[in-house]
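This note was prepared for a colleague who wishes to go through the model point by point. Please read it with the sequence and the coordinates at hand.

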Amino acid sequence: MPTVSQPQTPAALDSPLKEHRERPVKTIADKLETSSLDERSYRVVALPNKLEVLLVHDADTDKASAAMDVNVGNFSDEGDMPGMAHAVEHLLFMGTKKYPIENAYSQYLSAHSGSSNAYTGATSTNYYFEVAATRAEDAKDDEASPLYGALDRFAQFFIDPLFLDSTLDRELRAVDSENKKNLQSDQWRLHQLEKALSNPKHPYCHFSTGNFEVLKTQPEKRGIDVRQKFMDFHEKHYSANRMKLVVLGKESLDTLEAWTADLFAGVRNKDLEQNRWETEVPFRASDLLTQCFAKPVMDSRELDLSFPFLDEESLFESQPSRYISHLIGHEGPGSIMSYIKSKGWANGLSAGAYPVCPGTPGVFNCQIRLTEDGLTHYKEIIKVFFEYVSLLRENAPQEWIFQEQKGLADVAFKFKQKTPASRFTSKISAVMQTPLPREWLLSGHSRLRKFDPTKIKEGLAFLRPDNFRMTVVSQNFPGTWESKEKWYGTEYTYEKLPADFVAEIKRAATSTSLTRLPELHLPHENQFIPTKLEVEKKDIKEPAISPKLIRSDDLVRTWYKKDDTFWVPQANLFVNCRNTLPNATAENSLKARLYTDVVRDALEEYAYDAELAGLDYSISSHSMGIEIAISGYNDKLPVLLEKVLFTMRDLEINVERFEIIKERLARGLKNWDYQQPYNQVGEFTRWLNSEKTYITEQTLTELPHLTANDIQQFYPHLLRQMHIETFVHGNLYKEDALKLSDLIEAILKPRVLPQTQWPVKRSLIFPPGANYVYNKTLKDPANVNHCIEYLLHIGDKSIRPLRARALLLDQMTHEPAFDQLRTKEQLGYVVFSGVRSTVTTIGYRFIIQSEKTPQYLEARIDSFLSGFSKTLGAMSDSEFEGHKRSLITKRLEKLKNLDQESSRLWGHVDSEYLDFELTYEDAAQVKQLTKSEMIEFYEHFILPSSPARSKLAIHLNAQASDTTTTVKNGIKALGLNKDHKDNEDGEIMPVHQEGNGTTPYVITDVREFRSRLQVSAGPQPAKHISEFEELDSKL
C-alpha cells in the first residue's frame, strides 16, 4: 500500500513550480530486497508529476550519482529521419534555459571530480553522471553539495533544453563521426544486417545511429526545419511519467527526496502511455526458414541461429530461457560444444534469449565460432543443435538443474559487492522501466524464484526447425554475395533454406535416444559449487594499506593480505612465473603465447563448471614470464589451481587441436589491422617507448614457422627455471596462502632463477628537445579515419612532485581539451587526453581519430596547448584550488570491491615499485602544488614553443587520403626500403621546423631510433622489501 510523505524542501530553494512541492510525494516501496553486504538504504517514490524515483542513501560513498532513463529510443525514430532519438540525446547536453552555456554541465562535473555520459537504446535513452559526494573541506558555508548542483543542472535537460542553433551542426557531425567510427565494425554491420532483413513494419528494422546526410542534408532539402524537428521529438516523447530516475548520495533519504521533488518538479507530465509494439513482430513467417551468408570485414567465421521466442517481460520469477540457455550453452561433457569441439568444428558457443521491446516476443540466439573445418560442416552442426533440443524435449525439465542454477544465483546476489556509482544508477534506472515489483529492483533479474516446467517446455517448443533463421559469416564462403546492406555496405546473400536440408533438420529434431548421437547427454552435477561460505568478520580500526610478505626465499615470494574491507567468501590469487625466455625473441614470445593458449584450450571443459560456480582462472604470457590468476569463491580455489598447474606441467599437445588454435591466432593477429585506428595506435606508442617488446606485425611473421612439436619442446624450458611471485588476497588465512605457494612449487618443481638474472623493466628516455614522428599507413582500405597519438615525455614516474604535476595537468585540461577539439572543432568522435605511463616513465598524451590528417590534428593540438597556457596564466586561485580538490578526491576514491583492491595491490607488486601508498602520496603532493609551479612545469614540458619539451607523435594514415599518396611517392623518390628494412619500420613523410625550433626526426628505422636513446633505470621499490616481511608462522 503506498504511503504518503511530505518533502522537507529547503526554504532557500527557488523552484519554478512551487505548487508541485506542496503536493504529496508518494512512497511506493522502502523495503527493497538487498544483498547481505548492502548497508545502503532505499526508497522508491513517485513525484506529483508521476516521475518515479529510486533514492539511495549511502553513508560510505565518496561518489554521488544520478541517472535518468527515458522510455523512448530509436524504435520511435521517424522512417525518413533515422537516428532522431540518438541526435536528441547529443543535443540535450548543449545548454538549457537556466544554464545556457553549452558546456556548463561538463565544467561543473569536472570541477567536482565528476563525469557524465549517455546512450540511446531501442526503447530507452539513458543519461547519467557521477560527482564528488561531499563538499571540499575548504568550501564556503553557503556552497551547495556537489550532488545538489549537478542535479540542478541535470534536471534542466528534461525541463528546458535549448537545442542551441549554434550547436546543431556540430553535434550532428559528432553523430556522423560516431557512425563512421562503426562503419568497419562487424558487430555493428552484422546486427544492422539482421535488422535490415526483418519485418519493415516493425521498428526493429531501423538504422539507429543516424548520420549527417539523413539527419540534416536530406531533411533540409525537403524543406524541413531540422532543429524544430528535434524539439518536436523531445516535446512528443519526453514526459515525466515515462522517466525513471535514480539518485544516490551521502545525504539522508529525506534530503534526497526533498531535492528531487524540488528540482524535478518542472519536468512536464504529458501522461503518455508506455511505448509498446504489439501489432507486428520482427520476424514474420516469411522471414523464417531463411539462410543468410554474410561477408565480414575481419577474418571471422560464425554460425548464428535465431528463433522467435517467448515474451519473458512478466516471467521474471522463473526466467525459463535461463534454464534452456544454461543447457544449450553448456561446454561440459555431453554438451553441443563438447561434441562439435571434439570433431574440430568449433572454437566457442554462446546461447541465450534477449528481449526486443515491450509488447514484442523475444529472440533466442545461438552463436557458434567455427573452425575452417566447421565452416564446411555447418549443416552437421545445425543437426547436432536440433538433436540436443530433442534430448531436452524428451527429458522433462529437471528441477535439480534449476535448483543448482538458483542456488548459484542466490549466492551471487547474497555476496554482491558495490559497483561504481554511475554504473549502478544507470543500470537500475533502466531496470525500473520493467514491470518488476519495486521491492525486487536490485535482485529481480539476478535471482531465480520459481521452477516453472510448463514455461520451460513452452520455451523449448519455439526451438523448432520451422521457426528459425540461419546466418553464416565468412570471408570466403560461399565466395560470391548478391546484395549490399544499405547503411554499412555489408555484402550478403539471402534466400530460403533448401527443402532437402530442412527435411534433414526435421529428422534431427525428432530424433530419439535410439537414433541420437550417444555423445549428447545432460550435464552432471557441478562439483565446484561452493559449500563453505563463512566469513570471519572482525572489527578493524583501519584497513591495512599494504600486503605482508610471508615467504621470501630464492624460489618463491608470497604476498598476502586477509580481506579486511569487503567481507566476502572470495579470494584472488596471482602468480607470476618470472622467466627471461618469452622476451628473448619475437618467436619465443609467440611460443609462450601459444603454450598458454593450448593450456586454456585443454582446460576448457573442466573449468566450465568452475566458471558457472563463480570461480574463474586465466593464464597468459608476457615479457616477464607467465602469469596465472584465479579468482572467485575461495572454497574450491585450491582444486582449480592444482588442475591448472598439472595441465601446464603435463601438457601433451594434440596436433589437430594445435593447428586449430594456431589458425585462430593467425586470424586474430591479421584482424588486428582491421580494428578501429584508435585501438591500434597504442601498440606503436608502447613499442617506441620500450627497450624491447614486439608488435603484432613481428609476431605474425613468426607464426607460419611454428609447429605443435616446437611448443612441446619449448614449454619445459619455460617451466624448468623461474622465480615465483604470488599474491593471495581475500577470505583465506596466512597458512592457506603458504599452502598455495607450496602447491605451485611441488607441482612445477622449477629450479631457482637467480635474482641477478631476473629481467629488468626499462623504458626509453626521450632527451629534452626531442621531436620524433612515426608514420604508418593503415591496412584497411575501407577505413576513412586517420589517427594520431601525440605524447609529451615528462620523466621518471617515481619522482612524486613530477608525477603530481602531470596528474594535475590532466585534471585541468581534460574538459577544455574535449570541449575545444571534439565539441567545438569537431575533429572526430574519439578525442582523448590524459596521463600515459610506461613501466618507468610518465607522459601526457592526446589520441584523436578523425577524417582530418594527422598533420592537421597535430597542429590543432599545438594550438590548444598554446591557448591553454594563457588559460592557466589567467586561472583564478579559487579555480586552481578547485582543480586540486577535484583531483585529490579522485585519487582518494574508495575501492568498490575485492577485485578492485586485489588488482591495485597486485599492480604495485608486479610493477616492482611496491608503492602501496601511491594514491595517498599523490594526494599529499597535489595539495602542496602552487599555480606558479604548474606554470613553470607547463612552460618547460608542455608548451609547443618550449625548446626543452620532448615529443613523440604516431601518425596512422587512412589509405584513401592524399597523405598516403605523399608517403608512397616519398618512399619511391628516396629509394627507401631498398635495403629490405622490416615491414614494421616507419614510412617517410615531409616535415618542417616547428615552433620550438626543432625539426621532427622521422622514425624510418626503429632499431636505429632506439640505438640513439638512453634507457631508464629499472623500478626502485618505494620502501625496502624487508619492511613488508612477516615471515614467522603466526596466523
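The points below go from the whole chain to its sheets and then to single residues.

1. Overall form. The model is predicted, and its protein chain comprises 32 helices and 30 strands. The radius of gyration is 30 Å, close to the 31 Å that the globule rule gives for 1035 residues, so the chain is as compact as a globular protein of that length. Along the principal axes, the C-alpha atoms occupy a box of roughly 75 × 75 × 70 Å.

2. Of the 1035 residues, 58% count as buried. The chain exposes about 42300 Å², and carbon and sulfur atoms contribute 50% of that area. Among contacts with a separation of 6 or more, 81% join residues 24 or more positions apart.

3. The annotated region. UniProt, in an unreviewed entry, assigns the feature "domain: Peptidase M16 C-terminal" to residues 227-406. In the model this stretch is 38% helix and 20% strand.

4. Val363 in strand S12. Val363 belongs to strand S12. Is this residue buried or exposed? Its relative accessible area is 2%, which is under the 20% limit, so Val363 is buried. Its contacts, leaving aside residues up to four places away in sequence, are Phe283, Ser306, Phe307, Phe309, Gly352, Ala353, Tyr354 and Val356. Val363 and Phe309 are separated by 54 residues in sequence, yet their C-alpha atoms are 4.9 Å apart.

5. The sheet of 6 strands. A further open sheet has the order S26-S27-S25-S28-S24-S29, again with mixed pairing. Strand S26 (830-837) and strand S29 (1001-1002) are at the edges with a single partner strand each, so one side of each has no neighbour in the sheet. Strand S25 (residues 786-796) and strand S28 (residues 950-957) run antiparallel and share 7 bridges. Leu792 faces Lys951 of S28 across this pairing. Helix H26 (residues 854-874) lies across S25, strand S27 (841-850) and S28, at about 45 degrees to S25.

6. The edge strand S26. Although S26 is an edge strand of its sheet, 6 of its 8 residues are buried, so S26 is largely enclosed by the rest of the structure. S26 and S27 form a hairpin with 3 residues between them. Their pairing is antiparallel and extends over 8 bridges, and Gly834 stands opposite Arg845 of S27.

7. Gly73 in a loop. Where is Gly73 found? Gly73 is in the loop between strand S5 (63-70) and helix H2 (84-92). Its relative accessibility is 0%, so Gly73 counts as buried. Beyond residues up to four places away in sequence, Gly73 touches Ala85, Thr120, Gly121, Ala122, Thr123, Ser124, Thr125 and Phe233. The C-alpha atoms of Gly73 and His86 are 7.4 Å apart, with the two residues 13 positions apart along the chain.

8. Lys591 in a helix. Lys591 is part of helix H18 (residues 586-612). Why does Lys591 count as buried? Its relative accessible area is 13%, and the limit for a buried residue is under 20%. Setting aside residues up to four places away in sequence, Lys591 is in contact with Leu706, Asp710, Ile711 and Phe714.

Technical notes:
Residues numbered from 1 in each chain as written. Predicted model: local features only at pLDDT ≥ 70, side-chain atom pairs only at ≥ 80, totals over all residues. Heavy atoms only, no water. UniProt positions renumbered as here; feature names shortened; annotations may be inferred. Helix = DSSP H or I, 4+ residues; strand = E, 2+ residues; numbered from the N terminus. Rg over C-alpha atoms; globule rule 2.2 N^0.38 Å. Buried < 20%, exposed > 50% of the residue type's maximum accessible area, 1.4 Å probe, protein only. Contact = heavy atoms within 4.5 Å. Areas by Shrake-Rupley, 256 points an atom, 1.4 Å probe, with all protein chains shown as cover. Pairing = 2+ DSSP bridges. Axes fitted to C-alpha atoms, helices over the stretch in contact; angles between N-to-C directions.
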